[in-house]
Amino acid sequence: RPPYTRKKLEEGDSLFLEITLLGETTNYWEFISQSFSGVINIGKERYLKLQEIQFYHPFEEKHYPVKSFIPTFHASQFLEKTTQEKDIFIRLYPTSLKAGGSFVRFDQFNRDIFVKAVVSRISQVAVNYGTKEGRIFIDRERIQLKDLQMRPSPMKRWSNRKKTHMVIPAFEGSFRITGDINHIYPYLKVAEVINLGKSVSFGLGRLQLKQKL
């Protein structure tokens, strides 16, 4: 999960990066953090130095310094969560979705595509990194999406395999969910951690639940 805004870095500035570990990869956090230790040369007399490692507690929504271990959080804990809010505001960061074999444009995004993306992503993670028990089902008729504000946000990346820059179709924006909120709320809390859609390993598909836009 990289920063989502461009910033000109000066000497002494800090970057905050997030990495989400799933399944058995959570056992290797020490190896991953070790790879960032010391001084990293990023070229042209530019260097990065690790200052601190923290872990994010998704239920307390806080960061804590890492001491001797990082706790593991299970999806079943998320599925017990409820809210008293009558609607939920969603901030969607650059996201790449597919429907019917084609990339979804920003002006095609709707409730059905969103619900399918949530179910698909959670199901894929459950199958590949956990133990899937039963079918994940969200009744899309029980919720509505309102105040949709989407815009194109394509992501350019360098492909070492093809030796060229590639553009990943993506969009971002915000919307509001109304209706039977607690029917979908637990799944939104899961998706808030694991992201949605394609190219999540590049940081795409992040959504954030907010009290207001």
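This report describes selected surface, pocket and salt-bridge features of one protein structure.

The structure is a predicted model, in which local features need pLDDT of at least 70 and side-chain atom pairs count only at pLDDT 80 or more, while totals for chains, interfaces and linings use all residues. Residues are numbered from 1 along each chain as its sequence is written, and side-chain values use heavy atoms, with hydrogens and water left out.

**Salt bridges**

A salt bridge is defined as a side-chain nitrogen of Lys or Arg within 4 Å of a carboxyl oxygen of Asp or Glu. By this rule the model contains eleven salt bridges.

| Pair | Closest N and O atoms |
|---|---|
| Lys 189 and Glu 61 | 3.0 Å |
| Arg 151 and Glu 172 | 3.4 Å |
| Glu 141 and Arg 111 | 3.6 Å |

Elements of secondary structure are named here from DSSP runs and numbered from the N terminus: helices are H or I runs of at least four residues, and strands are E runs of at least two. Burial is described by relative accessible area, where buried means under 20%, exposed means over 50%, and partly exposed lies in between (1.4 Å probe, protein chains only).

The salt bridge between Lys 189 and Glu 61 has its closest N and O atoms 3.0 Å apart. Because Lys 189 lies in helix α4 and Glu 61 in the loop between β3 and β4, this pair ties together parts that are 128 residues apart in sequence. Lys 189 is buried, at 3% relative accessibility, whereas Glu 61 is partly exposed, at 49%.

For Arg 151 and Glu 172, the closest N and O atoms are 3.4 Å apart. Arg 151 belongs to strand β8 and Glu 172 to strand β11 (residues 171-179), so the pair ties together parts that are 21 residues apart in sequence. Arg 151 is partly exposed, with a relative accessible area of 44%, while Glu 172 is buried, with 11%.

In the salt bridge between Glu 141 and Arg 111, the distance is 3.6 Å. Glu 141 is in the loop between α3 (111-129) and β8 (143-152), and Arg 111 is in helix α3, so the pair ties together parts that are 30 residues apart in sequence. Glu 141 is exposed, with a relative accessible area of 53%. A network of salt bridges links Arg 111, Asp 112, Arg 140 and Glu 141.

**Residues with positive phi**

Glu 61 has a further feature: its phi is near 55 degrees, a positive value in a residue other than glycine. Glu 61 is placed in the loop between β3 (54-57) and β4 (62-65). Asn 195 also has a positive phi, of about 70 degrees, although it is not a glycine. Asn 195 is found in the loop between α4 (181-194) and β12 (207-210), and it is buried, with a relative accessible area of 6%.

**The second largest pocket**

Rolling a probe the size of a water molecule over the atoms shows where empty space is left. On a 1 Å grid over the protein atoms alone, a pocket is an open set of points, where a 1.4 Å probe fits, with protein on both sides within 12 Å along at least five of seven lines; lining residues have an atom within 4 Å of a point.

The second largest pocket holds about 770 Å³ of space. It is lined by 22 residues, of which Pro 2, Pro 3, Tyr 4, Thr 5 and Arg 6 are the closest to its centre. Strands β5 (87-95) and β9 (155-159) each supply at least two residues of this lining, and β5 gives the most, with three residues. By class, the lining has twelve nonpolar, four polar and six charged residues.

**A nonpolar surface patch**

Leu 9, Leu 15, Leu 17, Ile 42 and Leu 48 make a nonpolar surface patch of about 430 Å². Such patches are made of residues with over 30% relative accessible area and no salt bridge, and nonpolar side chains are joined within 5 Å. Leu 9 is located in the segment before α1 (29-35), and it counts as partly exposed at 40% relative accessibility.

**Separation in sequence and in space**

Ile 53 lies in the loop between β2 (46-49) and β3 and is partly exposed, at 30% relative accessibility. Ile 53 and Phe 16 are 37 residues apart in sequence and 9.7 Å apart in space, C-alpha to C-alpha. Leu 145, in strand β8, is buried, with a relative accessible area of 15%. Leu 145 and Gly 23 are 122 residues apart in sequence and 32 Å apart in space, C-alpha to C-alpha.

Notes
Patch = residues over 30% accessible without salt bridge, like charges linked within 9 Å, V, L, I, M, F, W, Y side chains within 5 Å. Areas by Shrake-Rupley, 256 points an atom, 1.4 Å probe, with all protein chains shown as cover. Points joined across faces, edges and corners; volume = space filled by probe spheres on them. Nonpolar A, V, L, I, M, F, W, Y, C, P; charged D, E, K, R; others polar.
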